[in-house]
Amino acid sequence: MDVLKLLPRGYRYFGLILTVPTFFIFLIDSIYFETGITVGGSFFDSSSDFFTRTVYNLVAFQHGEIVFFKEIKNNLINEFGLAIMLLGSWMLAFARIKGEDEFSQQLRLQSMSSALVWNSALLLLFNFLFYDGMFFFVMITQLFSFSLIFSIIFALKIRKYRKGLSNEE
Amino acid sequence: MKNSIKVERAKKNYTQAQLSELAKVSRQTINAIELGKYVPSALLALRLAKIFETPVEEIFWLDENE
């Protein structure tokens with residue numbers, strides 16, 4: 001009996017491939033933008049024109065007025081980076097595991113509950129540890145941190161139960 | 001909740017792997033049920049009762065304090 005609709009197993013590896021390098025690039029760039037320290041240069045350097053495109057801002061403020069669908073030129077590399085992180089973390093979180101059944105569904109729901117608690121606790125802690133520009137990056141991280149924390153907790157729970165199988169027939 | 005899955009399994013001479021295949025669940029699910037770490041759904045409980053040819057109340061019963 002499926003409670004959650006899940007993606008095929010292969011998406012788990014695809015999610016890892018998308019998430020891990022993008023996360024490190026994001027981390028390095030956060031340090032670059034805040035401190036000026038470069039690690040091989042900024043990947044998300046907004047001076048690059050390749051990703052600069054004309055887009056439409058759904059809601060914008062112009063001279064104290066609200067403007068809808070305002071045409072602007074924007075470097076989209078940050079947006080693509082965030083989209084890759086979100087999609088990758090969702091694939092990682094919602095892909096089937098080997099032998100998916102009602103027990104793993106229960107572990108999945110328990111992991112979601114734990115991830116919500118941990119994610120909220122981390123946000124509460126970071127609220128008092130990061131200020132000014134760095135807090136902006138904390139908020140960006142919060143967009144995908146829930147899925148990542150859930151994936152880690154779920155993987156640990158599954159590993160714990162699979163380890164116990166070696167002691168049984 | 002307590003259960004006698006291990007006893008019933010021994011009567012039929014099934015391994016956990018064989019029982020898990022018959023019940024259409026993973027081996028870790030059967031293991032978790034036997035250890036009392038997981039309470040199966042009604043569907044799975046009825047499936048197990050059918051496999052063991054035993055009433056479900058004889059396989060699963062409540063603790064005294066439940």
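Start in chain B, where α1(B) passes α4(B) in a left-handed crossing (the near helix is turned anticlockwise from the far one by less than a right angle; clockwise would be right-handed). You're looking at a predicted model, where local features need pLDDT of at least 70, side-chain atom pairs count only at pLDDT 80 or more, and totals for chains, interfaces and linings use all residues. Residues are numbered from 1 along each chain as its sequence is written, chains are lettered from A and ligands numbered from 1 in the order in which they are written, and side-chain values use heavy atoms, with hydrogens and water left out.

**Stop 1: α1(B) on α4(B)**

Select residues 5-12 and 42-52 of chain B: these helices pack at about 30 degrees, axes 10 Å apart. Helices here are DSSP runs (H or I, at least four residues), numbered from the N terminus. Axes are lines fitted to C-alpha atoms over the stretch in contact, and angles run from 0 to 180 degrees between N-to-C directions. The pair is therefore roughly parallel (under 35 degrees; 65 to 115 counts as roughly perpendicular).

Show side chains for B:Ile5, B:Glu8, B:Arg9 and B:Lys12 on α1(B), and B:Leu48, B:Ile51 and B:Phe52 on α4(B), which make the contact (heavy atoms within 4.5 Å). That's four nonpolar, no polar and three charged residues.

**Stop 2: α2(B) on α4(B)**

B:Leu19, B:Leu22 and B:Ala23 meet B:Leu44, B:Arg47, B:Leu48, B:Ile51 and B:Phe52. The tally is seven nonpolar, no polar and one charged.

**Stop 3: α2(B) on α3(B)**

Pick out B:Gln16, B:Ala17, B:Leu19 and B:Ser20 against B:Arg27, B:Ile30, B:Asn31 and B:Glu34.

**Stop 4: over to chain A**

Select residues 132-164 of chain A, helix α4, which has 33 residues. Center on A:Phe144, where α4(A) bends by about 50 degrees (the angle between axes fitted to the seven residues ending there and the seven starting there).

Terms used: Helices (H or I, at least four residues) and strands (E, at least two) are DSSP runs, numbered from the N terminus. Angles under 35 degrees count as roughly parallel, over 145 as roughly antiparallel, 65 to 115 as roughly perpendicular and the rest as oblique. Ala, Val, Leu, Ile, Met, Phe, Trp, Tyr, Cys and Pro count as nonpolar, Asp, Glu, Lys and Arg as charged, and the others, Gly among them, as polar. The expected span of a helix is 1.5 Å times one less than its number of residues.
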